[in-house]
Amino acid sequence: MTIAPHLKHRTGTLWLAALIHRLSGLALAIFLPLHFLVLALALHRAAQLDAFLRRTDQPLVKLAEALLVFLLTVHLLGGLRVLVIENFDWRDGQKQLATLAATISAIVAFVFLVRVF
Amino acid sequence: MPETSNELSVSLWRGGAEGRYETYRVPRRDSQTVLDVVTYVQRHIDPTLSYRFACRVGMCGSCAMTVNGRPRWTCRTHVAKVAGSSGRLEIGPLENLPVIKDLATDMAPFFDKWREAKGAFAPSRTRADDIPRIRPDSPARIAADAAIECINCGVCYAACDTVRWNTDYLGPAALNRAWTLVNDERDAGNAARLGAVAASGGCHACHSHQSCQEHCPLALNPTASIAGLKRRTAAAYLKGELKP
Amino acid sequence: MNVRLYVWQRATAALMVPLVAIHIAVIFYATRQGLSAADILSRTRGSIAWAAYYGLFVAAVSIHAAIGVRNVLAEWSPLPERYAGRLALFFGLLLAALGARAVAAVVL
């Protein structure tokens, strides 16, 4: 058998939404310590922070930042959808809601990208 | 191998946990179900094939297998719907359960988890007491009735990736049943039941993938039942009634 | 995952819904014309409000991310749940420490 043959059958919207939610959370969890380390430079090494911010003023970094905005927004909106499922009466249309969450997140990230370029 | 339009190429899992898919050629017929195909192989090609079925009319759930990657009742799956024009079928045993042989799985872990979730009715009265009056339109009874039709076929359990990833997870069917009993006014076992579903591997392990709801042949919604359990257990915990 | 961890994770999630929304808005505002240390610090230095906001955010995300990481480790790695829990706890403490340091850096 090939590795994880079941994965090729995982095509459902909601399964994909759950995967994106998990992967975005993981990515943000990895990003956060780095984010905190950079911000802490402000205390005694403001010049270093400025140098860092200038260094990150390039297209590839801006793209990565837009990706982060997407990850944060999609994790927020996907999480909100789950919070509603878990705390209120059941409502149908979960696939549509999940798709909407991803779409809004993509738009927000795109707007961010356009603004910082 | 060349397939004529009136023949199917069917791969069936042979063996136990270790094994392989073997391919058979089966004549295509109108209104054929996947169960018809498996039965044909066992009766006309290889009598050593092991599989399960009983009613063959979509009432018992015994014939559940993995068909082209998805768990389904084979007696209610038309070949035309899943094989397409290529005429290819891949049939294996249900996922997430130990394989006994070929297409038959050991359902014991599924029912063990049913028991662990306290999915059995605990009586609160004796025959000497009055019969309790349960209004069918009470919110609790409506909630219970929406989930009560489960016949333990195991399709949701096989479809659930949280079951696959977390061996402690009680699974959608067991939790769905627990929910029906939580909503049963006559039941006296809720303290133990909430404790059971609030423990590690209980309802909180569910990530709301909704694969259970998507695959349930009776269109039940264990995700909703589990959400109900999450609300109940969280409330009990915050009130100090649960000590995990 | 049990009811205790669940309540903590969902509560911090709910708390962070407005916090994250504000943060996204701040990101958009702060990047309207290039980022600089002076720009950031002029907003946050000496501000009780920002200290409270970011302090709360750091506390909530440390708990939320740690429990999330615990789940992922328990389900996707071969680690038994107990060790996943310990690793996640360490991660949560790390986030809280680094986060507190970052908040102090921009507020003090």
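**View 1. Two domains of chain B in the predicted model.** The domain assignment of chain B gives domain 1 (7-105) and domain 2 (108-238); such bounds come from an automatic or database domain assignment. The model is predicted: local features need pLDDT of at least 70, side-chain atom pairs count only at pLDDT 80 or more, and totals for chains, interfaces and linings use all residues. Residues are numbered from 1 along each chain as its sequence is written, while chains are lettered from A and ligands numbered from 1 in the order in which they are written. Taken over C-alpha atoms, the centres of domain 1 and domain 2 of chain B are 30 Å apart. Their contact takes 13 residues from domain 1 of chain B and 14 residues from domain 2 of chain B; two residues are in contact if their C-beta atoms, placed from the backbone, lie within 7 Å. On the domain 1 side of this contact, β3 and β4 of chain B each supply at least two residues. The largest share of that side, four residues, comes from β4(B). By class, the domain 1 side has six nonpolar, three polar and four charged residues. Here Ala, Val, Leu, Ile, Met, Phe, Trp, Tyr, Cys and Pro count as nonpolar, Asp, Glu, Lys and Arg as charged, and the others, Gly among them, as polar.

View 2. Helices (H or I, at least four residues) and strands (E, at least two) are DSSP runs, numbered from the N terminus. Strand β3(B) covers residues 64-67, and both of its faces are covered. B:Ala64 and B:Thr66 are buried on one side, and B:Met65 and B:Val67 are buried on the other. A residue is buried if 20 or more other C-beta atoms lie within 10 Å of its own, with C-beta atoms placed from the backbone. β3(B) pairs with strand β4(B) (residues 70-73) in the antiparallel sense over four bridges; pairing requires that DSSP finds at least two bridges between two strands. B:Ala64 stands opposite B:Trp73 in β4(B). The two strands β3(B) and β4(B) form a hairpin with two residues between them, and B:Asn68 in the turn has a positive phi of about 45°. β3(B) also pairs with strand β5(B) (residues 88-92), in the antiparallel sense over two bridges. In this pair, B:Thr66 stands opposite B:Gly92.

**View 3. Helices α8 and α10 of chain B.** The axes of α8(B) (residues 190-198) and α10(B) (residues 222-238) come within 10 Å and cross at roughly 105°. Axes are lines fitted to C-alpha atoms, for helices over the stretch in contact, and angles run from 0 to 180 degrees between N-to-C directions. The two helices are therefore roughly perpendicular to each other, a term for angles of 65 to 115 degrees. α8(B) contributes B:Leu194, B:Val197 and B:Ala198 to the contact, and α10(B) contributes B:Leu229, B:Arg232, B:Thr233, B:Ala236 and B:Tyr237.

**View 4. Helix α10 of chain B against helix α1 of chain C.** The axes of α10(B) and α1(C) (residues 3-30) come within 10 Å and cross at roughly 95°. B:Lys230, B:Thr233, B:Ala234, B:Tyr237 and B:Leu238 in α10(B) meet C:Val3, C:Arg4, C:Tyr6 and C:Val7 in α1(C). These residues divide into six nonpolar, one polar and two charged.

**View 5. Chain A beside chain C.** In this view, 28 residues of chain A are in contact with 30 residues of chain C. α1(A) gives the most to the chain A side, with 12 residues.

Terms used. Angles under 35 degrees count as roughly parallel, over 145 as roughly antiparallel, 65 to 115 as roughly perpendicular and the rest as oblique. A residue is buried if 20 or more other C-beta atoms lie within 10 Å of its own, exposed if 12 or fewer, and partly exposed in between; C-beta atoms are placed from the backbone.
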